[in-house]
Amino acid sequence: MTDGNHEQGQDSGQGGAGDGQERLPGRQRRRFPGISSRAYEHPADRSALVALRKLSGFDTVFKALSGLLPERSLRLLFLSDSVRVSDEQFAHLNSMLRDACYILDLEKVPAMYVTQDPKPNAMCIGLDEPIIVVTTGLVELLDEEEMRAVVGHEVGHALSGHSVYRTILLFLTSLALKVAWIPLGNIAIMAIITALREWFRKSELSADRAGLLVGQDLQASMRGLMKIAGGNHLHEMNVDAFLKQAEEYEAGGDLRDSVLKIMNVLPRSHPFTTVRAAELKKWSESRDYQRIMDGHYPRRSEDKDTSVTDSFKESASHYADTVRTSKDPLMKLVGDLAGGAGDLGTKLRDKFGGGNGSAPGSGSGSGGDGA
């Protein structure tokens, strides 16, 4: 798929005037000319990417070192064994893709493929040129507006440059399986994979925001996440109840549960679905989102002037705020200790033992849980 197709995107992006062929809602949606990915990136994601962009020659060196990656093989695989989205094939997805690129002002429209897989999934991969892949399970699960948010999500990955790191993550995950019999080699690779997964989970929160900017329909984004979690049973699900699950997940249990949460999320490339929904709703209600919708957002032309120091300060401020406001037992303990509150030994014993904050020693020999 080539660029030079913004003429079609402009008609569809404005939603009103058209030739009757576009499959878009009868409403206007805002466009964001020249928008920088910094506008929607999660602070942790953004600080890492800004730092990489500021390194002179990083992309050239990185791609040279990544010469072993089977990008050409991946392209040939999808070309030969999947369906390429175009005006002739999956035309409604093609319209969504072009429209998403028009709204986020992505000049070159990525190639997009539909691949046979009952598991709902989508990804943006590639080093030199990103390609978007969606599974048949996802296409069959989501309605048009829900799918629009997903396409916007993947275009957001492309605009942020996430496809490079996603490709490396896929490659290293495959490599780890092949060298699992080499203890030291596998440990080194798994350390890199764990770090990449932690970054990529943050990048998913960024891409969810991009999907909302493209679809501009929070309810559609929420429905899509609920369907990914619970299947095509919307009549059995409720957005408010789904979001309450995220609150219960964050606040529930004691420190043992906090540790289990960390262990559960480590193997995953994506955050848990309820957490994604809660994060997206929170961002949609923020002043940052409203400013973007009002046309006040950072431009790509300003990326080169971005301060790495300011970006890291913003990231640090975000984490400090997260610790301060979190209901998670571990995060609350970290906040208490950072504020110099209480005795470390007592707090750890009370938290892990499910104690009620009684005086030191009062519960150490009675009423324990045997842990």
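User: How do you know that the span of helix 7 agrees with its number of residues?

Analyst: The model is a predicted one. Helix 7 covers residues 144–160, and its 17 residues at 1.5 Å each should span 24 Å. The end C-alpha atoms are 24 Å apart, which agrees.

User: What is found at the start of helix 7, and what just after it?

Analyst: At the start, a side-chain oxygen of Asp143 comes within 3.1 Å of the backbone nitrogen of Glu145; a polar contact requires such a pair within 3.5 Å. Just after helix 7, Gly161 has a positive phi of about 80 degrees.

User: Why is helix 5 called largely enclosed?

Analyst: Eleven of its 13 residues are buried, so the rest of the structure largely encloses helix 5. Among the buried residues are Leu93, Arg98, Asp99 and Tyr102.

User: Why are helix 5 and helix 7 called oblique to each other?

Analyst: Their axes cross at roughly 50 degrees and come within 9 Å. Angles under 35 degrees would count as roughly parallel, and 65 to 115 as roughly perpendicular. Helix 5 and helix 7 are therefore oblique. The crossing is right-handed.

User: Which residues meet where helix 5 passes helix 7?

Analyst: Leu93, Met96, Leu97, Asp99, Ala100 and Cys101 of helix 5 meet Glu144, Met147, Arg148, Val151, Gly152 and Val155 of helix 7.

Notes
Residues numbered from 1 in each chain as written. Predicted model: local features only at pLDDT ≥ 70, side-chain atom pairs only at ≥ 80, totals over all residues. Heavy atoms only, no water. Helix = DSSP H or I, 4+ residues; strand = E, 2+ residues; numbered from the N terminus. Expected span 1.5 Å × (residues − 1). Polar contact = N/O pair within 3.5 Å; in protein donor to acceptor, adjacent residues only side chain to side chain. Buried < 20%, exposed > 50% of the residue type's maximum accessible area, 1.4 Å probe, protein only. Axes fitted to C-alpha atoms, helices over the stretch in contact; angles between N-to-C directions. Parallel < 35°, antiparallel > 145°, perpendicular 65-115°, else oblique. Left-handed = near helix turned anticlockwise from the far one by under 90°. Contact = heavy atoms within 4.5 Å.
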